Amino acid sequence: MTTSRARPTPGGPPRRQLHAQIPPHHPRAPQGAAAAGAHADDRVHAHVAGVCGVEEAFVFCCAHSHQVKEYLEKAGWAGKSGPGSMAVTAVESHDAISAGDALRVIYDRGVIHGDFVLISGDTVSNMSLKDALQEHMDRKKKDPLAVMTMVIKHSKPSILTHQTRLGNDEIVMAIDPETKELLYYEDRADNSHLYITIDKDVLTNNPTLQLHNDMEDCYIDICSPEVLSLFTDNFDYQHLRRHFVKGLLVDDIMGYKIYTHELRSGYAARIDNFRSYDTVSKDVIQRWTYPMVPDVISSRDCSESRLHRQGVYKASDVTLSSSAQIGANSVVGSATSIGDHCKVLNSVIGEGCKIGKNVLINGSFIWDNVIIEDGCKVSNSLVCDGVHLRAGAIVEPGCVLSFKVEVGKNVVVPAHSKVSLLPQPSNEDSDEELEYADTNSGITDSPPFSSMRSNGDQSTVPLEEDESGTSETGTCGVVGYVWTSVDTGIVEEWRQSIAPIPKEKLEELRHAVSDDDGSEDESNNPTLPDKDDSSDSVVEDDDHISKFEKEVEETFQRALGGGVNRDNLILEINGLRLAYSLQHADCAGAVFYSVMKSALVAAQSTNDTLLKTTADALGKWKDLVRNYTKTVDEEMEILLKFEEMCQETTKEFSLLFPKILPYLYDTEVVSEDAILRWAEEKEHADESDKVFVRQSEAFIKWLKEAEEEDDEEEE
C-alpha cells in the first residue's frame, strides 16, 4: 500500500509524501512472494517519483520485511533525498495482519501529518495523479467532510464469469453523476440474482445516481489525515473496502464522504491473484505501462534487455540455439541458455535458466535459475526460482511450482496444482481479518505430493521417507507438498489461474446464462423489471453474437482442413447469418477474426513471422472477407474488430497494427474512406481508445495528403 501526503515546508511548496504497504504474506501464495512484491514496489516508486512528483515515501512491510528493505537498498531507493529525488523509508511491523493495522501503526509513529496518497504495494501504474490530487484539494476547500478520493477505471466484466480481465469479481458502485460522490460499494455481489439491494435513504437523498458494474477499483486513494484517525478510533476497521469504505458509506453520524476519480488515460492495475499477475505482466510486455517496460527498467546487476521484433525482449548474453523459436510477446533474461528445437511462446524466462532440447514453454512464467531438461512441456504455469524439471516432465495449465521444487523424469503435474517444499500451514488466522486473503477459501494441512501420473499415463512410485524422515528425491516423483484450497468442497481453480478458462467451463457458463434467462423464479425476485429489460437484452445479444462468431470460426477451420469446399464456405456462413438474424457487418467481423486467428496459429506452429503469416492469410482469403464489406460501415466493423482483437483476444497483433493496416488497404479489404472515418471518430475519444490511431498516424497522414492532391487535380 502506498501513501502520499502534502505538508507545508518552510520557504517552499508543500512536500508530497508517499506511503507504501507490502501486503501481509498470503498463506496460499508461493513462499517468497514478498521478493516478487519488491519488484512491483520498485515500479510503484518509479511511477510516483517520475510521474507524480512525490518527494517522500513510506513503505510499510511485515512478512519478509528484511527482503523488502534489502531490495530497496539494492535498487537505490533507500535514503534518497535532494532535489528531483524521492526519499524512501521502510516502516516495519510484525504484528500487523491487515491494512487497518498498518495504518494504525503509521498513525502511532507520527510519520504522516497531512494529506497522503495510499497505494497498494501490488499496484502497477503509470497514471499522473496531478488531476486527481487537484480535485481532492479543491473539494476539501468546499467540503471538509470529503476525506477520500478513490481512483477507478472502466473495466467491463465478462457476462459469463462476472469477472474482470484481472480475475477479480465485478464491483457494483453507485456514484452521483454530478459530484462523483461514492454512494454505494459492493465487491461481493451475489451474481445468482439479477438485482442488488440499496438502502432507501440513498435513493431518497440522491434523486440522481449512476449504478456501475463496469468499474475497477485501482486501490489508489488520496486521503485526508482524518482517515488515519478513523482507523485508530475504529479497531474493527481491517479491510480498506469491506470495513472502512462501507463503514463510512453507512455512517450517518460523522457524515464523512468518499469521492471517485475516473482514470481516462494511463494505466493502473493491481496484482492480487495469479490471473492478474498474468494479465498485468502481458500488459507490461506489450508496453501499456510505458516507461515501466523491460527494456527501460532492467536489473542493475545483469545485461540490459533489448526489444526485438514481435515484442520479444532478450538480454545480450542469452545463449540461443539457431533452431530454437522465440514467439511474440516473450522475454528471455540474462545468462539464460535455450537448446535445440525449443519453442518459447508468449512466455517469460528469467535469468540464469538452463533450457534443454525440444522443450515447449507456452504462456508461462519461468523465474530465475530454473533447470528444464530435454523434452519437457510447461503450459500456462508459474515456475519459481531454482525449480528443476527432469527430462520429459509435463506441467499442465494453471500450476504453481514454488522455490526449488523438483519434478521427476516423465512426471505429469496435474492442472492447477500448487507445490511447495514447505508444508501448508494450519488456518490459525481468520481469512476475514486478512486484508489480502480470499475470504471464500480456507486452508488445511497438506500431505506430501505423492500422487502423480507419469508421462504416458503410468502411475509413478509415491514419495517415500527414508530413515531420516526426508522425502525421497528420485526421478520418479515430485519433491514437495501440495497446497490446497477448500471452501465447501468444490474448488473453482480456473477463476484466478494463470491458465485460460477451459472451453468446457465457458460452455457450461453459457448454458447457465441461457437457463437463467428463461427460468428465473419471479417469486424470488420481487424487484425485477420485465424480461425485456435492457440489461437482459445486452447479455442475450452478446451471447448470441459470441455463439455466431464461434460457429463461423469452426466452419472456417473446416475449410482450412479441407472439410468444407471453398466455394460452399460463403453459403454456409450466409446460412449461419440468417439462422442468427444478424447483419453483413457481423459476418465481416467474424470472418476477419477467423482469418487473423489462422495467421496467428500458423505463426506459432512454424518458423515464419506473424507478419508474414498474416499477409499470406489475408492474400488467400481477401475475397471471402470482401464478400461482407460492401459498405463503409462494414469496413469500419473490420477495423473495430481488429482493435478489439489487439486489446483483448489476440494481443500478439497489437505491435503489428500499423504494419497490417496498410496491407488491409492495399488488398482492398478496407477503403480509404473507412480508415479516415475511423480516425476521425477517434479524435474525441479517450486516450486509451486512440492507441492504434496514434500508431498509424504516418499512414493516415499519407492517406489525407493523397486525398487532398486528388481534390486539387480535379479542380
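Q: Why is Glu186 called buried?
A: Glu186 has a relative accessible area of 17%. Buried means under 20%, exposed over 50% and partly exposed in between (1.4 Å probe, protein chains only). Glu186 is therefore buried.

This is a predicted model, in which local features need pLDDT of at least 70 and side-chain atom pairs count only at pLDDT 80 or more, while totals for chains, interfaces and linings use all residues. Residues are numbered from 1 along each chain as its sequence is written, and side-chain values use heavy atoms, with hydrogens and water left out.

Q: What makes Lys246 and Glu186 a salt bridge?
A: The closest N and O atoms of Lys246 and Glu186 are 3.1 Å apart. A salt bridge needs a side-chain nitrogen of Lys or Arg within 4 Å of a carboxyl oxygen of Asp or Glu, so the pair qualifies. Lys246 belongs to helix 7 (residues 240-250) and Glu186 to strand 10 (residues 182-186), so the bridge ties together parts that are 60 residues apart in sequence. Helices (H or I, at least four residues) and strands (E, at least two) are DSSP runs, numbered from the N terminus. Lys246, at 19% relative accessibility, counts as buried.

Q: How many salt bridges does the whole structure hold, and which residues do shared partners join?
A: The search finds 29 salt bridges. Shared partners join Glu186, Asp187, Arg242 and Lys246 into one network.

Q: Why is helix 14 called oblique to helix 16?
A: The axes of helix 14 (residues 632-649) and helix 16 (residues 672-681) come within 9 Å and cross at roughly 60 degrees. That makes helix 14 oblique to helix 16, because angles under 35 degrees count as roughly parallel, over 145 as roughly antiparallel, 65 to 115 as roughly perpendicular and the rest as oblique. Axes are lines fitted to C-alpha atoms, for helices over the stretch in contact, and angles run from 0 to 180 degrees between N-to-C directions.
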